[in-house]
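Open the structure in your viewer and follow the stops below in order. Each stop says what to select and what is found there.

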Amino acid sequence: MVKNHFHETSIQLRNVGKGYENRMVLDNICLDIKKGEFLAIVGKSGCGKSTLLRLISGLESCDSGLILMNGKELNGLNKQARIMFQDGRLLPWRKILDNVGLGLQGDWKQKSIEALDKVGLKDRINDWPAKLSGGQKQRVALARALIHQPELLLLDEPLGALDALTRIEMQDLIEKLWLEKKYTSILVTHDVEEAVAVADRVIMIEDGKIALDQIIDLPRPRQRSQKGFTSYVDTILKRIMRPGGTDIHLVEKVRL
Amino acid sequence: MKTFIKEAVKSIIPWILPFLLLLVWQILSFDGIISSRILPSPLAVLKAFLTLSMTGELFDHVSISLERALTGFLIGGSIGFLLGLFNGVFKWLELFTDTSIQMLRNIPHLALIPLVILWFGIGETSKIFLVALGVLFPVYINTYHGIRSVDKRLIEMGKAYGLKGVSLFLAVIFPGALSSILVGVRFSLGVMWLTLIVAETISAHSGIGYMAMNAREFLQMDIIVLSILLYALLGKLSDVIARFFERKWLKWNT
């Protein structure tokens, strides 16, 4: 049974705002993420959840406010973070082994093999990415992210394009690997069930603001049949589907 | 065994038509329906090939043509590749040079022949210059577009994984542009032979084109046809070589 014992803050967002061409995507976001915490960000498509992740990764910069990583202001690429994209983004001209070893030096081959072993693809090291299924590609992408032993793992809807069964398998794998190392993780997803299946805490973004901040107090490893699982899913889903305004100060409590 | 026969038949089929054409040509020539003043028979061409090979004349002409073609190709191809590379990578350089390059590109390079002869005479330089000029633009355009059309998402991924500068170029940008660059190379090989034929026909003291023009003065039909066939053969050969490298380097794409 894993309880949430966080002492340090890994990432702090202070009044972060971001817009594109007169459209405000994120408005005055304040958020603290603790070291080792698994946070999920949900919301309707286009709500800005991916943008928030890209700001934390440093691939984009905020228009206002600031982001602190381990107390230091983030400027440019977040070097402690590794991101996993929805579309995998493996280099098609590199074999699996070389894809995983991207940007590494020294004994990267051995490390790549170990990383691939962890995601169950040790026997595919000499294949081209085109030969792999969608789920296998994402496993490779996960191995590629984790081989750097990042302090922060960012997951940008990594399972969005996979079928339901593969998705559940991948969620279990992501949780299992996270339990081993306890790096801080942020998962962006539109699938509330997925968020509840892996995260310690789920936030929901609506109209550029955090409209819900929900601790998921369920034992790990998570199971869909767990007591309380569906009630968390229902509550969050209901809140997402509810039309109308939000209040940033309103943080809802869920009673089980 | 069955697949072996299938493969063998498959490799024979493309050659049936050329062989039949040769056969008909030979029969018509033999019957005198085609006059040898219009077109020599295939056997006469073969005889010319053997005679010229024996004297070593053929080898000299082919090797000098090949040398011109390759020298011009290497010079023009390198310049085109480097221009395409830098213009593809550095936006400000593209802004500076692209308009000029587009203007130059639209001049048919063969239109420069009178000028080139006045500049360089009819020596080696003029032919190599023309080939280089003809080859430059296809390589430039395809390299430039190849680099520009590399998947932006892969570049972003590379950056997020700590690649930058040369390492980003070698791991992501160049491999991503390679298939387009090779298309440019294959296209420019065609331009290479075309330019060389024209240049050698107009002004030369050696080479396949000269061999043909010289034969014209003595009405040696067989040698003229032999020259044309040699160009076809060399063109096909360079295409086969280019395809070989394409298959080797773009293995991931098949």
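The model is predicted. Begin in chain B by selecting helix H5, residues 113-120, together with helix H6, residues 124-148. The axes of these two helices of chain B come within 9 Å and cross at roughly 140 degrees. Angles over 145 degrees would count as roughly antiparallel and those from 65 to 115 as roughly perpendicular, so H5(B) is oblique to H6(B). The crossing in which H5(B) passes H6(B) is right-handed.

Now show the side chains where the two helices meet. On H5(B), select B:Val116, B:Ile117 and B:Phe120. Their partners on H6(B) are B:Thr125, B:Ser126, B:Phe129 and B:Leu130. Sorted by class, the residues of this contact between H5(B) and H6(B) are five nonpolar, two polar and no charged.

Next, zoom out to the whole of chain B and colour its two domains: domain 1 covers 1-34 and domain 2 covers 38-253. Taken over C-alpha atoms, the centres of these two domains of chain B are 31 Å apart. Where they touch, six residues of domain 1 of chain B are in contact with five residues of domain 2 of chain B. The side belonging to domain 1 of chain B has four nonpolar and two polar residues, and no charged ones.

For the last stop, bring chain A into view beside chain B. Which classes of residue does chain A turn towards chain B? The contact joins 14 residues of chain A to 13 residues of chain B. On the chain A side there are 10 nonpolar, two polar and two charged residues.

Key. Residues numbered from 1 in each chain as written. Chains lettered and ligands numbered in written order. Predicted model: local features only at pLDDT ≥ 70, side-chain atom pairs only at ≥ 80, totals over all residues. Domains from an automatic or database assignment. Contact = placed C-beta atoms within 7 Å. Nonpolar A, V, L, I, M, F, W, Y, C, P; charged D, E, K, R; others polar. Axes fitted to C-alpha atoms, helices over the stretch in contact; angles between N-to-C directions. Helix = DSSP H or I, 4+ residues; strand = E, 2+ residues; numbered from the N terminus. Parallel < 35°, antiparallel > 145°, perpendicular 65-115°, else oblique. Left-handed = near helix turned anticlockwise from the far one by under 90°.
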